[in-house]
Structure formats: C-alpha cells, structure tokens
Amino acid sequence: MSAGEKRHTVTFEINGARKTVAVEARRLLVHLIREDLGLTGTHVGCDTSQCGACTVEIDGRAVKSCTVLAVSAEGASITTIEGLTSPGAELDPVQAAFHEHHALQCGFCTPGMVMSVRQLLKDQPDPSDHEIRHGLAGNICRCTGYHNIVRAVESLASKGEQS
C-alpha cells in the first residue's frame with residue numbers, strides 16, 4: 001500500500017463469524033482471506049481467474065475470489081473450505097466423496113474443486129458426465145485427477161446427496 005492510500009472498512013460474515021476489516025480499495029478478496037484472516041485453504045494458483053483454486057462461496061454462490069475486490073464483500077456471507085466442517089466433525093458430503101473416490105492427488109486444486117462441485121450440485125442435482133465436466137471447466141487439476149473427481153461427483157448425484 002502506498003503512503004496515504006485510503007483504507008475502507010468492510011464488514012462481512014466468513015465461515016459464520018462476523019468480521020470487520022480495513023482494506024485498501026484494490027485488495028483482492030483472496031488476499032484478504034489468506035493473508036489477513038489466515039484462512040489458507042483458499043489457494044492462489046494463477047492470479048488470472050483461470051485455475052479455480054481460489055473458489056469460495058459468496059452469498060451461497062461459488063465465486064473465484066481472485067476476481068473480487070475485498071471492498072465488494074461488504075455485507076456478504078462468505079464460506080471457505082475451512083467453513084464446510086468443524087474439526088472433529090463429519091466431512092461435508094462433497095469432501096467425503098472426494099476422499100472415498102481418491103479424487104485428489106497433490107490436493108492443491110481440491111478446495112476450489114470442492115467449492116465448485118457444491119455449486120454444480122446445487123444447480124444440477126443429477127448431472128450427466130458431460131454436465132459434470134462442463135461444470136468443472138473453470139477448475140484446473142494439474143495432476144490430471146479429473147477421472148476420480150468426476151466419479152466422486154457421480155456418486156453424490158446417484159445418492160441425491162449434496163450440500
């Protein structure tokens with residue numbers, strides 16, 4: 001931040017907790033989440049909104065947080081991967097399906113994939129293989145783990161389970 005740059009106060013809810021922070025106008029939400037709030041499950045993979053690793057839910061919709069200015073989060077309800085379950089509690093159904101179907105390799109893309117799958121299943125509770133692949137087109141897995149990711153989503157669709 002340059003000397004004298006104005007900071008804006010922003011109040012929002014994140015993972016069920018109300019937060020008020022002062023941010024510069026150009027600060028991206030992903031950096032606020034990771035650096036200021038310490039929620040490092042939301043990853044920065046490309047800084048160009050192509051990889052999807054930074055996907056979070058804002059007011060119930062999956063959004064790439066590297067495309068959102070932190071000041072625009074005023075009044076929003078944000079859920080990150082950390083907000084899906086409490087320590088020691090059962091995993092979110094999407095997380096459990098990823099675990100059961102080995103839908104991760106290095107794990108870097110997994111938080112963004114999980115958040116995107118939750119949105120996909122909200123929009124299309126019983127997606128076809130093509131709809132699953134199309135729905136995840138905005139998320140990149142550099143380990144090429146797509147086959148098992150698709151299997152995990154199919155398992156949720158066939159059970160009718162989604163978050």
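Biologist: Which residues is H31 in contact with, leaving aside its neighbours within four places in sequence?

Modeller: Contact just means heavy atoms within 4.5 Å. Here, in a predicted model, H31 is in contact with D36, V44 and D47 once those neighbours are set aside. H31 sits in helix α1, residues 29-36; helices (H or I, at least four residues) are DSSP runs, numbered from the N terminus.

Biologist: What should I keep in mind about the numbering and cut-offs?

Modeller: Residues count from 1 along each chain as its sequence is written, and side-chain values use heavy atoms, with hydrogens and water left out. As the model is predicted, local features need pLDDT of at least 70 and side-chain atom pairs count only at pLDDT 80 or more, while totals for chains, interfaces and linings use all residues.

Biologist: Is Q119 buried or exposed?

Modeller: Buried means under 20% relative accessible area, exposed over 50%, partly exposed in between (1.4 Å probe, protein chains only). Q119 comes in at 9% relative accessibility, so Q119 counts as buried. Q119 lies in helix α3 and touches G60, R61 and A62, not counting residues up to four places away in sequence.

Biologist: And which residues touch the most other members of the largest nonpolar core?

Modeller: Nonpolar side chains tend to be buried together in soluble globular proteins. A nonpolar core is a set of buried Ala, Val, Leu, Ile, Met, Phe, Trp, Tyr and Cys residues joined through side-chain atoms within 4.5 Å. In the largest one, with 21 residues, they are V94, F98, M113 and V117. Helix α3 gives the most to this core, with six residues.

How values were computed:
Helices (H or I, at least four residues) and strands (E, at least two) are DSSP runs, numbered from the N terminus.
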